[in-house]
Amino acid sequence: MAKAESKKEFKEKSLYYNRYFSLRYLTAAYFFVNFWWLIVLAMGGSEVVLLPLALLLLCIPAIWEQKKKFDQGEDNELPQTKHYYLFQVVINILLGICYFTPAFSFFYPFVDSAAFSFLFMLLLLGLAIGIWSLHHISQIERNEDKFFRRYEAYARQK
């Protein structure tokens, strides 16, 4: 009987933790994109290396916060993750604005001018993902996400 109870408890915990599933993977994707941007800038000796470094350093508390959600239970506040995504969105907006100036090549010295349009599209994609993530975080904090409804439905079945 205890084994069945612990299995149900684990399933309930997993259902609740699935609320953060997309955020975990998107945060990891941003981490690695910023990590590779940092490496390429560092290898080129660029002064802009501090920008991806700042993004990486802000990402670490967000990753830690999301990892703790599995053990914490019912707390659905994500202040570190929200701050990280807000900063990432602002940076993407500023870099998108820089696209229309000569400063853009300063941030991406490793890209030739023919690939600038592709990079701009990636910035727009990153911006859209960041805005969607902020929206998803607000849904989680208000318990309005679809995974919370599944969690509640499962809890009512017990």
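Helices here are DSSP runs of H or I with at least four residues, numbered from the N terminus. By that numbering, N143 sits in the loop between α6 and α7, and the tour returns to that loop at its end. The model is predicted.

**Confidence first**

Colour the protein by pLDDT. The mean is 87, and 92% of the residues reach 70 or more. Helix α1, residues 2-17, has the lowest confidence, with a mean of 70. The highest is in α4, with a mean of 96.

Select residues 21-43, which make up helix α2. This helix has 23 residues and spans 33 Å from its first C-alpha to its last, close to the 33 Å expected at 1.5 Å a residue. Show the side chains of L23, R24, T27, Y30, N34, W37, L38 and L41: these are buried. The list takes in R24 and N34 as well as L23 and L41. After α2 comes G45, which has a positive phi, near 70 degrees.

Next select residues 50-72, helix α3. Its 23 residues reach 33 Å from first C-alpha to last, again close to the expected 33 Å. Its buried residues are L51, P52, L55, L56, C59, A62, E65, Q66 and K69.

Move to residues 79-98, helix α4. Switch to a surface view and select L86, V90, I93, L94 and I97. Together they make a nonpolar surface patch of about 420 Å². Pick out I93, which lies in this helix.

Start with R19 and D145, whose closest N and O atoms are 2.8 Å apart. This pair links distant parts of the chain, with R19 in the loop between α1 and α2 and D145 in the loop between α6 (116-141) and α7 (146-157), 126 residues apart. Both R19 and D145 are buried.

Now select E141 and K82. Their salt bridge has its closest N and O atoms 2.8 Å apart. Here too the pair links distant parts of the chain: E141 belongs to helix α6 and K82 to helix α4, 59 residues apart. E141 is buried because its relative accessible area is 17%, whereas K82, with 34%, is partly exposed.

The remaining pair is E144 and R142, whose side chains meet in a salt bridge at 2.7 Å, N to O. What is the relative accessibility of E144? The value is 40%, so E144 counts as partly exposed. R142 is partly exposed as well, with a relative accessible area of 46%.

**Last stop: N143**

Keep the view on the loop between α6 and α7 and select N143. Its phi is near 55 degrees, a positive value in a residue other than glycine. N143 is partly exposed because its relative accessibility is 32%. D145, also placed in the loop between α6 and α7, is buried.

How values were computed:
Residues are numbered from 1 along each chain as its sequence is written. This is a predicted model: local features need pLDDT of at least 70, side-chain atom pairs count only at pLDDT 80 or more; totals for chains, interfaces and linings use all residues. Side-chain values use heavy atoms; hydrogens and water are left out. Patches are made of residues with over 30% relative accessible area and no salt bridge: like charges are joined within 9 Å, nonpolar side chains (Val, Leu, Ile, Met, Phe, Trp, Tyr) within 5 Å. Accessible areas come from the Shrake-Rupley method with a 1.4 Å probe; for residues, only the protein chains shown count as cover. A salt bridge is a side-chain nitrogen of Lys or Arg within 4 Å of a carboxyl oxygen of Asp or Glu. Helices (H or I, at least four residues) and strands (E, at least two) are DSSP runs, numbered from the N terminus. pLDDT is the predictor's confidence in each residue, from 0 to 100. The expected span of a helix is 1.5 Å times one less than its number of residues. Buried means under 20% relative accessible area, exposed over 50%, partly exposed in between (1.4 Å probe, protein chains only).
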